[in-house]
Amino acid sequence: MRIHQEWRRSSCTTAVLSIAVLCSGSLDAGSARTLSEDALATPAAMVPEAPSQSPQEVDYAVAPFDARLEPTTASAPEVLGESDDYPIQSGDRLKIRVYDRPDLTDEYRVSGKGKVRIPTLGAFDAASGSAARLEQAIADALENLLQRPGIVTVEIVERRPIFVTGLVVKPGAYRFAADMAVIHAAALAGGTPSGALAPWLPSDALREGARALTSQEELKHLLARQARLEAERNSSEIAMPPELLQLAGAEEAGALLQDERVNMKHRRELLDRQAELLNRSIGEAKTEVKAFQTELAKIQEQRNIRQTALDALDSLSKKGLTTRQRLTDSQFLLASADRDAQTAIANIARSQQNLDRSERDLTVLTLDRKMSIAKELQDVAERIASAKFAIDSSRKIVAHITGLPSGGMLQDRNPQLRYEIIRKGRDGRLHTKPATEMSMLQPGDVVRVGPPGRGNYPTSVSSNLEATSSASP
């Protein structure tokens, strides 16, 4: 049934493509037949768009932006493939399950030659094919080995990573996810630097500017945390630090302090619950001690009575006025009272230990909290000093490199950046396409973020891209 459905789908697709091409009048029947056969042989998501110049004329990895293809419509983002149609590629990790054969069920990595090697079954061509095709190939080999049909499932658990380079905070390789777009890749790489980093500046200035912005954000949070810790230490409300207000502005500073107020509320609630439990334990222990002491007093009173009775019986026994059995029973009752008294004394000691431990834990809880706040305040103060030093150093470095004022690089500007996708084509070469934030990615793609305009990328960015592309699996 499955083979019949695939044959019908293939036949319909061939007919539609042939009729469309012949009607257009741009190709003859032979060309239309060849085109339809190629379309059936290769999934549409795998066919890269041909560059406007031949690979011999342009090196797509490092060519100037002007020499590459320009988007046909600036407002419409280009979709470069659906994630479900991506074929298996070298470097992908597969989960292969073979029914009733746990020795063959495992995760396998597709080799650089596009093969998957399974013990006892051999190597299978996996690259450029689908999971269903690989399932069928493994099932056929299993049937030849066992002389009975085999049930095999293939799941792609990890794709080749995507690479992000250029004007991002953290260039590098990142794990691919289904339906990933350029904006997702930029977010994984820490986001694109704001206009404060002026993307036309040298790479050293960009790096130091990113460091300054990161340190500035850290400083804001540290100042808010310091205000909260001081409020906890003094058992007061959080006050607005003037330095935070000047650095972040009223709105952002208010939001940061509100987060710290929520944090302080949770911490106080936790401390109150712990103190409440300890106070409850102290109260219960005191009640137990008092109850056992009352019980011991009653037991001692009964023992005194039994001791008096025993002395009287012993005197009568010596005169022969009572039986030996009554004297023995009185001695047994006195011994029982002594035993009950010892038990009550042990219970009092145990309850007193519980009481002492709970009172000690309550004291330690209060002292530990004070020591923890003091330690946190010291740590925050050191981190604040470190962040300020990093900001000041980065500003001086940028000012030295660019000649700009040391404080000018932290202005809030946000220029429009350029995006490109570099993808390996079927010819084995890297092809570059202009992209937008909404352009879809495929496993193994390289996303390059550049400055606005039509100039070349900075030399350091191009060299980083070449290194990233050569390191891709």
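Residues are numbered from 1 along each chain as its sequence is written, and side-chain values use heavy atoms, with hydrogens and water left out. Because the model is predicted, local features need pLDDT of at least 70 and side-chain atom pairs count only at pLDDT 80 or more, while totals for chains, interfaces and linings use all residues. Helices (H or I, at least four residues) and strands (E, at least two) are DSSP runs, numbered from the N terminus. Two strands pair if DSSP finds at least two bridges between them.

An open sheet is formed by three strands in the order S2-S1-S5. Its pairing is antiparallel. S2 (106–109) and S5 (152–158) are the edge strands, each with a single partner strand, so one side of each has no neighbour in the sheet. Neighbouring strands are turned by 30 degrees against each other on average, direction ignored. Axes here are lines fitted to C-alpha atoms, for helices over the stretch in contact, and angles run from 0 to 180 degrees between N-to-C directions. S1 (residues 93–98) is joined to S2 by four bridges. Lys 95 has Glu 107 of S2 as its bridge partner. Helix H3 (residues 131–146) lies across S1 and S5. H3 runs at about 140 degrees to S5. Contact means heavy atoms within 4.5 Å.

Five strands form another open sheet, in the order S7-S6-S10-S8-S9. Here the pairing is mixed. Strands S7 (172–174) and S9 (430–435) stand at the edges with a single partner strand each, and therefore one side of each is left without a neighbour in the sheet. The twist averages 25 degrees from one strand to the next. S8 (residues 418–424) pairs with S9 over six bridges, in the antiparallel sense. Tyr 419 is bridged to Ala 435 in S9.

S3 (residues 115–118) and S4 (residues 122–125) also pair in the antiparallel sense, over four bridges. Lys 115 stands opposite Asp 125 in S4. The hairpin has three residues between the strands. Thr 120 takes a positive phi there, near 70 degrees.

Helix H6 (residues 242–318) has 77 residues and spans only 97 Å between its end C-alpha atoms. A straight helix of that number of residues would span 114 Å; the expected span is 1.5 Å times one less than the number of residues. A kink of about 115 degrees is centred on Gly 249. The bend at a residue is the angle between axes fitted to the seven residues ending there and the seven starting there. Gly 320 follows H6, with a positive phi near 75 degrees.
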